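Good morning, everyone. Please bring up the sequence and the structure, and follow along as I talk.

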Amino acid sequence: MKIYTKRGDEGKTDLRDMSRVSKTSHRIEAYGTVDEVNSLVGTVRPTGYEDVDDWLETVQNHLHVVQADLANPEPEEGNPVVEEEHTAQVEEYIDTAEEELEPLQRFILPGGSEPGAKLHHARSVCRRAERRVVALAGEEEINEDAVAYLNRLSDALFEFARLVNAREGVREESPTY
């Protein structure tokens with residue numbers, strides 16, 4: 001398989017169903033931003049913490065499912081789709097991380113250790129991905145589980161950042177107003 005096909009040279013790309021759309025369509029913008037999140041998560045691994053690395057590996061695989069789901073305007077049986085189980089798994093990771101963390105009492109500034117800061121960056125791009133998917137949902141029918149997943153994932157990335165920073169001994173800083 002060649003990496004280049006030249007089919008995108010005119011500014012269009014293929015969806016999973018082989019329909020052609022502009023590279024600026026809301027659908028392409030949505031799953032392209034999910035790809036950004038996945039790439040950012042990839043820059044964090046390895047964090048140095050096996051449990052967090054395992055969670056992030058699972059998340060990266062989930063994000064591929066989200067992309068495939070969004071790239072398919074009319075999924076058929078057997079196609080990858082986001083399901084409630086994906087979100088439930090991320091919620092389990094959040095709950096496990098929170099067992100080790102002090103309860104959050106105030107807003108915190110993103111940053112900290114190198115992996116913590118990268119996780120905060122991934123979280124903020126995940127929020128953008130969620131906004132892009134919501135915009136797409138305003139135009140076309142999509143799997144609503146994809147929105148729920150991205151919403152929960154941004155929460156998870158926030159808690160993962162807090163967890164890594166706590167393990168690294170980095171104190172959380174609050175904004176000054």
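I will go through charges, then rings, then a few spots in the backbone.

First, the ground rules. This is a predicted model, where local features need pLDDT of at least 70, side-chain atom pairs count only at pLDDT 80 or more, and totals for chains, interfaces and linings use all residues. Residues are numbered from 1 along each chain as its sequence is written, and side-chain values use heavy atoms, with hydrogens and water left out.

Let's start with salt bridges. Side chains of opposite charge can pair when their charged atoms come close. Here, a salt bridge is a side-chain nitrogen of Lys or Arg within 4 Å of a carboxyl oxygen of Asp or Glu. How many salt bridges does a search of the whole structure find? The search finds 14.

Take Glu140 and Arg27. They form a salt bridge, and the closest N and O atoms are 2.7 Å apart. Glu140 sits in the loop between H4 and helix H5 (144–167), and Arg27 sits in helix H1, so this pair ties together parts that are 113 residues apart in sequence. Helices (H or I, at least four residues) and strands (E, at least two) are DSSP runs, numbered from the N terminus.

Buried or exposed: which is Arg27? Arg27 is buried, because its relative accessible area is 4%. Glu140 has 33% relative accessibility, so Glu140 counts as partly exposed. The cut-offs are these: buried means under 20% relative accessible area, exposed means over 50%, and partly exposed is in between (1.4 Å probe, protein chains only).

Lys118 and Glu114 meet in a salt bridge, 3.1 Å from N to O. Both lie in helix H4, four residues apart, about one turn of the helix. Glu114 counts as exposed because its relative accessibility is 57%. Lys118 is at 28%, so Lys118 is partly exposed.

Next, Arg162 and Glu159. Their closest N and O atoms are 3.3 Å apart, again a salt bridge. Both are in helix H5, three residues apart, about one turn of the helix. Arg162 is buried because it has 5% relative accessibility. Glu159 is at 6%, so Glu159 is buried too.

Salt bridges can also join up. Arg7, Glu10, Asp14 and Arg20 are linked in a network of them.

What about charges without a salt bridge? Look at Glu92, Asp95, Glu98 and Glu99, which form a negative surface patch. Patches are made of residues with over 30% relative accessible area and no salt bridge; like charges are joined within 9 Å, and nonpolar side chains (Val, Leu, Ile, Met, Phe, Trp, Tyr) within 5 Å. Glu92 lies in helix H3 (residues 84–100). Glu92 counts as exposed because its relative accessibility is 52%.

On to the rings. A pair of aromatic rings is described by the distance of the centres and the angle of the planes. Rings of Phe, Tyr and Trp (its six-membered ring) pair if their centres lie within 6.5 Å; planes under 30 degrees apart count as stacked, over 60 as edge-to-face and the rest as tilted.

The structure holds two aromatic pairs. One of them is Trp55 with Tyr93, and this pair is stacked: 5.4 Å centre to centre, with 20 degrees between the planes. Trp55 lies in helix H2 (residues 50–70) and Tyr93 in helix H3, so the pair ties together parts that are 38 residues apart in sequence. Trp55 and Tyr93 are buried. Ring pairs link Trp55, Tyr93 and Phe160 into a cluster.

Last, the backbone. Where is there a cis peptide bond? Go from Arg45 to Pro46: that bond is cis, with omega near 0 degrees. Pro46 lies in the loop between helix H1 (26–44) and H2.

Two residues other than glycine have a positive phi to show you. Lys6 has phi near 70 degrees. Lys6 is in the segment before strand E1 (12–14). Lys6 counts as exposed because it has 56% relative accessibility. Met18 has a phi of about 75 degrees. Met18 lies in the loop between E1 and strand E2 (20–22). At 56% relative accessibility, Met18 counts as exposed.

Glu102 is exposed because its relative accessibility is 64%. The C-alpha atoms of Glu102 and Val147 are separated by 28 Å, and these residues are 45 apart along the chain.

Terms used:
Accessible areas come from the Shrake-Rupley method with a 1.4 Å probe; for residues, only the protein chains shown count as cover. Lys and Arg count as positive and Asp and Glu as negative; His and the chain ends are not counted. The place of a charge is taken as NZ of Lys, CZ of Arg, CG of Asp or CD of Glu.
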